[in-house]
Each structure stands twice: as C-alpha cells, then as structure tokens.
Amino acid sequence: MPANKRTWAEPFKIKVVEPVNIPSPATRERAIREAGFNTFLLRSEDVYIDLLTDSGTTAMSDRQWAAMMVGDEAYAGSKSFYRLEEAVQTWYGYKYVVPAHQGRGAENLLSKTLIKPGDIVPGNMYFTTTRLHQELAGGTFVDVIIPEAHDPTSTHPFKGDVDLARVEEVIDLYGAGRIPYISIAATVNLAGGQPISLGNARAVRELAHRHGIRVILDAARVVENAYFIQKREPGFEDWSIAAIVKELCSQTDGCTMSAKKDPLVNIGGFLAVNDHAIYEDAANLAVIYEGLHTYGGMAGRDMEALATGIEESLHEDHIRARVGQVLYLGQKLIDARVPIVVPVGGHGVFLDARAFLPHVPQEQYPAQALAAALYLDSGVRSMERGIVSAGRNKETGEENKPKLELVRLTIPRRVYTQAHMDVVAESVESVFADRASIRGLRMTYEPKYLRFFQARFEPLEL
Ligand code: F0G
C-alpha cells in the first residue's frame with residue numbers, strides 16, 4: 001500500500017492516564033435536571049466524553065511538565081516571563097507582550113485601552129466575551145464577515161473572510177475616527193471554526209491602514225487557521241505552519257491570545273502589540289486587573305508551560321493530527337447524513353440544530369435542547385452556540401436571533417483517541433434517528449451577562 005494511503009495515528013504515546021466514569025442513564029437524567037438542562041452546569045464527574053470546549057482542556061506534553069519545574073515564581077521580572085516574551089516575539093512576531101490570566105483578561109485590557117464610548121468595532125463575527133468587553137468599554141460591534149459564514153451549508157473554503165465592501169460601508173457610515181480597530185479572528189469560533197485566508201487578511205490590513213485604522217487579531221486558534229491556509233490557499237502549500245502563522249500575525253498590529261486553545265496550556269493568555277504607547281497603557285491597566293505586567297495572573301510555571309506550548313503547537317505533525325481528528329469525526333457525521341456545518345472546522349464539529357430539529361422553533365432553544373439530549377443519550381457533553389449564546393441586543397433588550405443555531409462538539413487537544421470519536425459519532429447518529437422525540441425548552445433563569453454560562457431551563461410539555 002502506498003505510504004500516503006495508510007492509516008496514521010496520533011503522533012504521541014500516552015504516558016499518564018486519567019480514568020473517566022461512564023454515568024448510568026439514571027445518573028444522566030438526574031444530572032441534566034440538576035443542571036437546568038445547561039451542559040455548563042453539569043459536574044465533570046457526571047460526563048463520559050467532555051466536548052464542552054477545547055479551552056484549557058489540553059493534555060500537556062512531558063516537555064511542558066518538565067518546563068513547569070523550572071518556573072521562576074518571582075513576583076517581578078520572572079525569568080519565565082522573559083522566556084514567554086521571547087517565544088511570542090519569535091513565533092508570532094509582535095514586539096511587546098502583556099501577560100493576562102486568559103483571553104478575556106487580554107480583551108479587557110485591549111478594549112479599555114483602545115475603545116472610547118460611541119466607537120464602532122467591525123469584526124469577522126462576534127465572540128461572546130470579546131463583544132462584551134467591547135460593549136463594556138462603550139463600543140458597538142458590527143459584523144463584517146462574508147455572508148457565506150452564516151450559511152451552514154456553504155462550502156466556501158474561507159468562511160472566516162471579511163467582507164471588504166461591507167467594511168468600506170461601515171467606514172463611510174461612521175467615519176474612520178470612530179473605529180479604533182478592526183478585529184479579525186483566526187479561526188472564527190461561532191461560524192464553526194472557519195478560517196480566514198491570508199489573501200483576505202492582507203486586504204483587510206491594506207484597507208484598514210489606508211484609513212489609519214489598526215487591525216487586531218484574535219489569535220486563540222491561529223495555528224489551526226494556518227493549517228487550513230496550507231491545505232487550501234493556492235501558493236501556501238510549501239510554506240511551514242510556523243511561517244504561515246507569522247505571516248498572518250504580521251498583517252495585524254497586535255493580538256489578544258487565549259493561550260488555553262492552540263498554545264496547549266490549561267490557563268493563560270496575553271495581549272501583544274507593536275505600538276509602544278499602547279503597550280504602556282495596557283501594561284499599566286494590567287496591574288489593576290491581572291497582576292504585575294511580568295506575570296499577569298499566571299504563575300511562573302504557567303508561563304514556562306506556555307512558552308514551550310507555543311513552540312510545540314507549530315509542529316506540522318501535531319497540527320495535522322489535531323485538525324485531522326476533528327475532520328475524522330466530521331466526516332463520520334457527514335457520511336451518516338447528520339446536518340453539520342461544512343466545511344468541518346478546526347476545533348470542533350458543529351451540529352446544525354435548525355436542520356436537526358426543524359420542529360423546535362428558535363425561541364424554544366433548539367441547540368440547547370439538542371445538547372441536553374446528546375448528554376442524556378451517552379454522557380457526551382457538548383455546548384450550545386445559538387440564540388442562548390447570542391444574548392440580547394444591548395439597546396432594545398430583545399433576544400438576538402443568530403442565523404446559526406449550533407451545537408458544538410469541541411475536541412480538546414491531545415486528550416481523546418479515535419475510538420472516543422467513534423463513540424461520539426454513534427451517539428449523535430442515535431439521537432438523530434430519534435430526533436422527533438426531542439422537545440424545546442423554556443428559560444427559567446437568565447443571568448445578566450454571558451447568559452449561556454449560567455442560564456437554567458426546563459423542557460416544554462408536549
Ligand atoms: N476568543 C475566542 C475566539 C475564544 O474562543 C475565546 C474562548 C476567547 C476569545 C476568550 O478566551 O476563555 O481564555 O477568556 N473561548 C472558549 C470556548 C470559552 O469554549 O470557545 P478565554
């Protein structure tokens with residue numbers, strides 16, 4: 001058999017294992033009721049395969065654990081900070097680094113530093129915490145992603161691309177002076193883990209800089225995005241992942257990073273920028289919200305693990321297996337004719353709850369109901385990414401009704417095997433076969449901010 005046709009396996013051996021429970025049907029029934037039909041409120045010991053998120057759920061390597069032992073826990077000027085700073089400069093190419101406890105800490109620093117009340121922040125689809133920090137700083141997010149991103153059936157290879165004509169319109173409408181930066185995410189989480197092309201990122205930079213507007217990257221999944229560029233964008237097939245990542249970052253003036261994603265650690269993040277004045281303001285705010293500007297809420301050992309993780313995340317065999325595992329699960333569901341967002345994204349498979357449950361109207365939270373049904377079937381935990389996550393319009397208080405009503409099966413990095421993916425696919429197929437029995441939900445408790453994390457529901461009677 002030719003070498004490229006043979007089966008390949010994860011590029012690691014397992015050195016430590018963590019036993020998991022397989023909760024009984026009765027336990028699952030009790031647990032989901034106690035959790036108010038919100039998978040965020042389940043206890044992890046009641047979960048069999050945890051696909052809630054890829055955030056902070058990574059298995060670290062032996063090299064990362066070894067690096068933790070040499071963490072420098074000095075309050076100020078830790079050696080581990082300078083190692084992290086050097087890794088960010090080397091691999092992403094930004095000049096100045098402000099560490100933060102995680103991505104939203106960096107978003108807070110960025111938003112408070114750059115956004116004034118009345119400002120507009122265009123971006124390639126919102127992300128929950130990112131938009132909230134923009135709003136809390138007095139800004140308004142405007143979606144400028146291409147329309148294909150809102151269509152789960154469109155097979156556009158770069159559904160994370162920015163609609164450049166729309167950006168021009170937004171600039172004409174509000175004036176460049178009210179736009180502190182354009183925010184681009186790689187890959188776009190709420191569109192289903194869809195990448196932005198390098199060609200588009202270059203065009204965004206050109207357009208933005210022509211108007212004197214900055215571009216800021218949400219870099220949480222920049223390596224997964226680079227993998228799609230290498231595989232799909234003409235001209236990049238011979239580029240290394242590391243070179244593509246650096247090229248993508250170089251189109252932007254800074255980034256916020258949730259290191260809990262691609263950089264392969266369980267906690268941490270940073271803001272990185274090229275402009276010294278912005279760095280100074282953000283580093284000053286860091287001492288209020290995060291900790292000193294040489295640790296930002298991370299322990300020295302966390303910064304060591306992160307510096308090592310950044311470098312490991314760029315290994316070709318790592319990223320091929322990481323995205324490959326997601327594609328493996330996605331292909332199984334496509335073959336079983338389960339409606340999912342296509343093309344399959346970088347960090348998870350997104351079930352299209354509208355097509356899955358056409359009998360449940362969006363006001364009855366179909367994706368929330370589907371995530372609960374999947375848990376009941378097998379103990380697999382997923383997450384709603386639809387009307388509950390979209391929250392309410394900050395002016396009218398009405399529920400935002402996103403076109404995409406999705407359930408995310410998010411794959412942690414280096415944690416599960418192909419056999420776990422088979423179990424997940426079987427469970428989704430079984431729930432799909434029985435979909436007519438799934439009822440909608442009523443919200444019984446709604447918190448003020450980021451309601452999806454803590455809202456509670458109960459099933460509607462037939
Ligand atoms: N940006 C993106 C694109 C994200 O997906 C997240 C987190 C953040 C920023 C915020 O980072 O969690 O470190 O504060 N996403 C997680 C998820 C929560 O499950 O998708 P954080």
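A: Let's start with a term: a nonpolar core is a set of buried Ala, Val, Leu, Ile, Met, Phe, Trp, Tyr and Cys residues joined through side-chain atoms within 4.5 Å. Keep in mind, too, that what you're looking at is a predicted model.

The largest nonpolar core here has 60 residues, and the members touching the most others are Tyr92, Ile184, Leu217, Val222, Val245 and Phe270. Helix α8 (residues 222–232) is the top contributor to this core, giving six residues. There's also a second, separate core of 50 residues, with Val47, Leu357, Ala367 and Tyr375 among them.

Zoom in on Phe270 for a moment. Skipping its neighbours within four places in sequence, its contacts include Val88, Tyr92, Cys255, Met257, Leu306 and Ile310.

Now for the meeting place itself. The protein splits into domain 1 (3–54 + 316–459) and domain 2 (62–313), and 25 Å separate their centres, taken over C-alpha atoms. On the domain 1 side, 34 residues are in contact with 46 residues of domain 2. Between them the two domains bury about 3,000 Å², with 58% of it on carbon and sulfur atoms. Look for Pro343, Lys394 and Leu404: they supply 18% of the area that domain 1 buries against domain 2, more than any other three residues.

Charged and polar groups join in as well. Six salt bridges are found across the interface of domain 1 and domain 2, along with 20 residue pairs in polar contact. Four elements each supply at least two residues of the side of domain 1 that touches domain 2: α12 (316–335), β9 (348–352), α15 (387–390) and β12 (406–410). Of that side, the largest share comes from α12, with six residues.

Last stop: Thr58, in the loop between β1 (49–50) and α2 (62–69). Buried means under 20% relative accessible area. Thr58 has a relative accessible area of 6%, so this residue counts as buried. What surrounds Thr58 in the fold? Beyond its neighbours within four places in sequence, Thr58 is in contact with Lys260, Lys261, Leu264, Val265, Asn266, Arg413, Arg414 and Val415.

Definitions and conventions: Residues are numbered from 1 along each chain as its sequence is written. This is a predicted model: local features need pLDDT of at least 70, side-chain atom pairs count only at pLDDT 80 or more; totals for chains, interfaces and linings use all residues. Side-chain values use heavy atoms; hydrogens and water are left out. Buried means under 20% relative accessible area, exposed over 50%, partly exposed in between (1.4 Å probe, protein chains only). Contact means heavy atoms within 4.5 Å. Domain bounds come from an automatic or database domain assignment. Buried area is the accessible area (1.4 Å probe) that two parts lose on being put together, summed over both. A salt bridge is a side-chain nitrogen of Lys or Arg within 4 Å of a carboxyl oxygen of Asp or Glu. A polar contact is a pair of N or O atoms within 3.5 Å; within protein, one must be able to donate a hydrogen and the other to accept it, and residues adjacent in sequence count only if both atoms are side-chain atoms.
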